[in-house]
Amino acid sequence: MTATHRAGAGPDSLGAAGFPEDEVRARARAGTAAVFPPVDAYGSALFGAGSGSSGACAPSADALDRARLVPPVFMPQRLEKLVELGREPVYDDVDLRTRVGGFASSLPLFLSAFGSTRAGSGDLALAASVQAGRLGIPMVLGENMVPVHGWAGPADGALPALAARIRAYAEASDGTSGGVVVQQSTEDADAEVWNLLYSDPALRPLVDSGRLGFELKIGQGAKPGLGGMTVVDREAADRLSDAFTVRDVFGAPAAARLRCATPGTFTEEIVRQQVRFMRNNFPRARVWVKLPPGRDVALAARTAWQAGADAVTVDGAEGGTGWAPRAFLDQVGLPLAECLRRIGPPEGCLLVTGRFHEGGRTVRALALGARAAGLGRAALLAVDEDPEHGLLRLAESIALECRLLISALGKYAPSALTAEDVWWPEAPVDTAYAPATDTAAAPYAPATDTAAAPYAPATDTAAAPYAPATGTTPTPAGAAPARPSVPHRVGGSA
């Protein structure tokens, strides 16, 4: 953490080494203003490639960040929008509303799972839950919350971590958008977490409104092949030793102990049976499956979709966590870009996580087949910067960038994006077009280089499920406002 942040946010502020923390905190403070250079530099500075702090010029950019969005010259979809509107379309006309794993979502975003780590189950996680509910985006609750923190409230009436986050989200939401998705690991299954939730009268409104989901966690990006890990003190280690593996790896003088969850064992048939079990036993809950960035990620995703999963989340090796061995953070798992390349056109709803914090990376992932991107470390840093509005402002800035970028591509919904909108510097096209032979009829032959378009676009029509807003109902966060001259802000009407 920088000295500036220590001075401005206090010595106990959350840190995220290797992550663009400064940019996230700036967005949490300034919202949409952070999308542009400092306004006081207008007229006194010139900006070009390399002026930004993210994307292809970032010092630690991965393959997905090195890729570029490439608008065409000719834009037939912009012409279609012009005819529809009766005027020239602008970026405000981009409609970001979508379906995320069976839930109506105001934006192509969701709140990633934090789990039972200290950073992910305290006040920051509660603040993130409230703001995700206000945004109308789905929220995923991580594994091992019940085995570690319990389900029933103590004698003083305080809610345990999982129940508190669910209640906070539900009370902040509009009752129609978003949804709550609860992960289950091996230890969660032993505690019958899904049964507890599905039969709890307090969660009946979520069930009745179709806004409850369960996620089978097969792995995660930060440590593929391992289960969840946290650091606990000796007292907690003794209390949890029956349910978890607890080891002294930090040396005898240290009071800290390593608490490990089992990763679970999966085959194609086990995944098929698990998904079918979820659909049969919890018929009113959405079924999600979370995958690590394994070399067979395409087969695993296809297996889950064909078994009936409403969504498959792929966590790239760039994904973060509260605790993991150093070797896993930099040396294990496929980068998200490679996962997307291997999966190709998704057979169902594909969700992605791993280092998302701004619009460029988000739009590139959407163009490569994803339906929505998860905010994990970025969300926690945003609420650490501002517990009341940090995540809201971060989402506002991402939404504005998404509208600007998608409209620049001549398109007006995330579902219209395709892989041809993305250019990979590792496989540049030498000659996109053959020489002109008949300028009157066909000036150019079509491009045939497959490197420019590694796969065909997804054809899932569920990505644009909404009809235009009518009457006096407030415009959802992702909706294109009726009057493009009025800037649209996330969380309210234009």
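The buried residues of helix α17 are covered by elements that include α2 (21-30), β4 (109-111), α5 (123-135), β14 (372-375) and α18 (390-408). This is a predicted model, in which local features need pLDDT of at least 70, side-chain atom pairs count only at pLDDT 80 or more, and totals for chains, interfaces and linings use all residues. Residues are numbered from 1 along each chain as its sequence is written, and side-chain values use heavy atoms, with hydrogens and water left out.

**Helix α17**
- Seven of the nine residues of α17 (377-385) are buried, where buried means under 20% relative accessible area (1.4 Å probe, protein chains only).
- The buried residues are Ala378, Ala379, Leu380, Leu381, Ala382, Val383 and Asp384.
- Helices (H or I, at least four residues) and strands (E, at least two) are DSSP runs, numbered from the N terminus.

**Helix α12**
- Helix α12 (residues 268-281) has 14 residues and spans 20 Å from first to last C-alpha, close to the expected 20 Å, which is 1.5 Å times one less than the number of residues.
- Val271, Val275 and Met278 are buried in α12.
- Seen down the axis of α12, the buried residues fall within an arc of 60°, so they line one face of the helix; the arc is taken from the directions from the helix axis to the C-beta atoms.
- These residues pack against α9 (193-199), β7 (212-217), β11 (286-291) and α13 (297-307), with contact meaning heavy atoms within 4.5 Å.

**Lys217**
- Lys217 lies in strand β7 and counts as buried at 10% relative accessibility.
- The side chains of Lys217 and Gln220 are joined by a polar contact of 2.7 Å; a polar contact is a pair of N or O atoms within 3.5 Å, where within protein one must be able to donate a hydrogen and the other to accept it, and residues adjacent in sequence count only if both atoms are side-chain atoms.
- Not counting residues up to four places away in sequence, Lys217 touches Glu143, Gln183, Gln184, Phe266 and Lys290.

How values were computed. Buried means under 20% relative accessible area, exposed over 50%, partly exposed in between (1.4 Å probe, protein chains only).
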